[in-house]
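Please read it alongside the sequence and the coordinates.

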Amino acid sequence: MTDNQKTQILEMRRLGCTYRHIATSLCLPEGTIKTYCLRAAKKGLLTTPSESPKCTCKQCGKEIIQVAKRKKRIFCTDACRQKWWGSHLFLIHQGSAALHHFTCAHCNKPFTAYGNSGRKYCSHDCYIKARYYQDADDGR
């Protein structure tokens with residue numbers, strides 16, 4: 001197990017992921033994950049998440065005002081939600097039907113997109129280069 005995997009295990013466990021979800025995400029046996037988490041807890045590396053009385057944004061930490069009889073809000077804005085999920089892509093189940101695999105039409109690199117089945121380019125930069133900066137020998 002690499003140091004990167006160990007860090008991801010601790011982070012995912014702090015976020016409340018199950019052993020099975022962590023094991024499938026990192027392609028490791030579930031028993032290995034359990035053993036590592038138990039040993040990490042004994043060493044004090046892993047702490048259990050505690051419920052805070054205030055509701056705060058997962059990304060920026062701002063206090064969120066909850067509306068009665070509504071679903072509990074986790075993020076203060078859509079920008080915070082997108083930023084948090086952008087940096088926590090390893091939490092998305094790799095077998096999800098919403099995860100699509102493509103090859104970029106400009107640079108021919110493989111990439112994955114969550115929730116968008118019509119992507120052609122891996123980044124905005126590749127889109128701009130393909131759309132506006134074409135080679136003269138392309139014939140376009």
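## Around Ile9

Leaving aside residues up to four places away in sequence, Ile9 touches Met1, Ile22, Leu26, Leu28, Ile33, Tyr36 and Cys37, where a contact means heavy atoms within 4.5 Å. The model is a predicted one, in which local features need pLDDT of at least 70 and side-chain atom pairs count only at pLDDT 80 or more, while totals for chains, interfaces and linings use all residues. Residues are numbered from 1 along each chain as its sequence is written, and side-chain values use heavy atoms, with hydrogens and water left out.

## Nonpolar cores

Ile9 is also one of the residues with the most contacts inside the largest nonpolar core, together with Ile22, Ile33 and Cys57, and this core has 20 residues. A nonpolar core is here a set of buried Ala, Val, Leu, Ile, Met, Phe, Trp, Tyr and Cys residues joined through side-chain atoms within 4.5 Å; buried means under 20% relative accessible area, exposed over 50%, and partly exposed in between, with a 1.4 Å probe and protein chains only. At least two residues of this core come from each of α1 (3–14), α2 (19–26), α3 (30–43) and α4 (78–87), and α3 gives the most, with 4 residues.

Apart from this core lies another, of 5 residues, which include Phe102, Cys104, Phe111 and Ala113. In soluble globular proteins, nonpolar side chains tend to be buried together.

## Overall organisation

The protein has 5 helices and 2 strands, taken as DSSP runs numbered from the N terminus (helices H or I, at least four residues; strands E, at least two). Read from the N terminus on, the elements follow the order α-α-α-α-β-β-α.

Of the 140 residues in the protein, 23% are buried. Among contacts between residues at least 6 apart in sequence, 24% join residues at least 24 apart. The accessible surface comes to about 10,600 Å², and 51% of it belongs to carbon and sulfur atoms; such areas come from the Shrake-Rupley method with a 1.4 Å probe, and for residues only the protein chains shown count as cover.

## Salt bridges

Side chains of opposite charge can pair when their charged atoms come close. With a salt bridge defined as a side-chain nitrogen of Lys or Arg within 4 Å of a carboxyl oxygen of Asp or Glu, the count comes to 4. In one of them, the side chains of Arg20 and Glu30 meet at 3.6 Å, N to O, and this pair links distant parts of the chain, with Arg20 in helix α2 and Glu30 in helix α3, 10 residues apart. Arg20 is exposed at 57% relative accessibility, whereas Glu30 is partly exposed at 28%.

Glu30 also forms a salt bridge with Lys34, with the closest N and O atoms 3.8 Å apart; both residues lie in helix α3, 4 residues apart, about one turn of the helix, and Lys34 is partly exposed at 36% relative accessibility. In helix α5 (residues 124–132), Lys129 and Asp125 are likewise 4 residues apart, about one turn of the helix, and their salt bridge has its closest N and O atoms 3.2 Å apart. Lys129 is partly exposed, with a relative accessible area of 38%, and Asp125 is partly exposed at 44%. Through shared partners, salt bridges join Arg20, Glu30 and Lys34 into one network.
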